[in-house]
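Trainee: I'd like to learn how to read a model like this one. Can we go through it feature by feature?

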Amino acid sequence: MTRSACITLAALALAGCINDDLTLYEFELRGTVSVADGLPTTGDLHLELHHAESGAGRFSYPLGQFAAFPDVGSPDAELTVTARAPIDEGNGLVVYAWLDVDGDGMLCAPGVVDEPAGLVEVDTFPAHALRFTLTLTSPCSGPEALYP
């Protein structure tokens, strides 16, 4: 067998298909996000949805993001999003939000120290209609820093 044939066979072996079924659970999430006193209150509100725990057995880990909604509105307004959670990849629901004060789409880029963030676990998940209330209290904190 020539060298190019061996390389082609190796490439085909690595590019095989995996036919796993993905089961999605659709739900509607409604709620409000407010900002704690002393923190900025204007900017684009970003929302992320995470499984409280992802993986299985000894390979489980906290938080597994499955949806992101950039610029969903502004603080103190009623929010509504429809999402699909991959139910076989984790359990629980954590809502994380942050306020993009400078409009750059990045949480606390260099020179920005006051973009408020926060999260809340929604205990009633799974359900088709869920509600949450969240107050952003922590400047420049990602979800992994806020989740126990």
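This is a predicted model: local features need pLDDT of at least 70, side-chain atom pairs count only at pLDDT 80 or more; totals for chains, interfaces and linings use all residues.

Trainee: Is serine 54 buried or exposed?

Mentor: The idea is to look at relative accessible area, where under 20% means buried and over 50% means exposed. Serine 54 has 2% relative accessibility, so it counts as buried. Leaving aside residues up to four places away in sequence, serine 54 touches Phe59, Ser60, Tyr61, Leu63, Gly64, Glu89 and Gly90.

Trainee: Where does aspartate 21 lie?

Mentor: Look in the loop between helix H1 (3-14) and strand E1 (24-35). Aspartate 21 is exposed because its relative accessibility is 74%. Together with Asp20, Asp88 and Glu89, Asp21 forms a negative surface patch.

Trainee: What about charges that pair up? How many salt bridges does the structure hold?

Mentor: Side chains of opposite charge can pair when their charged atoms come close. Here there are 3 salt bridges. One joins glutamate 26 and arginine 84, with the closest N and O atoms 2.9 Å apart. Glutamate 26 is in strand E1 and arginine 84 in strand E4, so this pair ties together parts that are 58 residues apart in sequence.

Trainee: Which residue does arginine 131 meet in a salt bridge?

Mentor: Glutamate 78, at 3.1 Å from N to O. Arginine 131 is exposed at 52% relative accessible area, while glutamate 78 is partly exposed at 43%. There is also a salt bridge between arginine 30 and glutamate 28, at 3.0 Å from N to O.

Trainee: Now the backbone. What should I look for there?

Mentor: Most residues other than glycine have a negative phi, and most peptide bonds are trans. Aspartate 71 goes against that, with a positive phi near 50 degrees. Aspartate 71 is in the loop between strand E3 (61-69) and strand E4 (78-86), and it is partly exposed, at 46% relative accessibility. Cysteine 108 has a positive phi too, about 55 degrees. Its place is the loop between strand E6 (94-100) and E7, and cysteine 108 counts as buried because its relative accessibility is 19%.

Trainee: And which residues does a cis peptide bond join?

Mentor: Phenylalanine 125 and proline 126, where omega is about 5 degrees. You'll find proline 126 in the loop between strand E7 (116-121) and strand E8 (129-136).

Notes: Residues are numbered from 1 along each chain as its sequence is written. Side-chain values use heavy atoms; hydrogens and water are left out. Patches are made of residues with over 30% relative accessible area and no salt bridge: like charges are joined within 9 Å, nonpolar side chains (Val, Leu, Ile, Met, Phe, Trp, Tyr) within 5 Å. Accessible areas come from the Shrake-Rupley method with a 1.4 Å probe; for residues, only the protein chains shown count as cover. A salt bridge is a side-chain nitrogen of Lys or Arg within 4 Å of a carboxyl oxygen of Asp or Glu. Lys and Arg count as positive and Asp and Glu as negative; His and the chain ends are not counted. The place of a charge is taken as NZ of Lys, CZ of Arg, CG of Asp or CD of Glu. Helices (H or I, at least four residues) and strands (E, at least two) are DSSP runs, numbered from the N terminus. Buried means under 20% relative accessible area, exposed over 50%, partly exposed in between (1.4 Å probe, protein chains only). Contact means heavy atoms within 4.5 Å.
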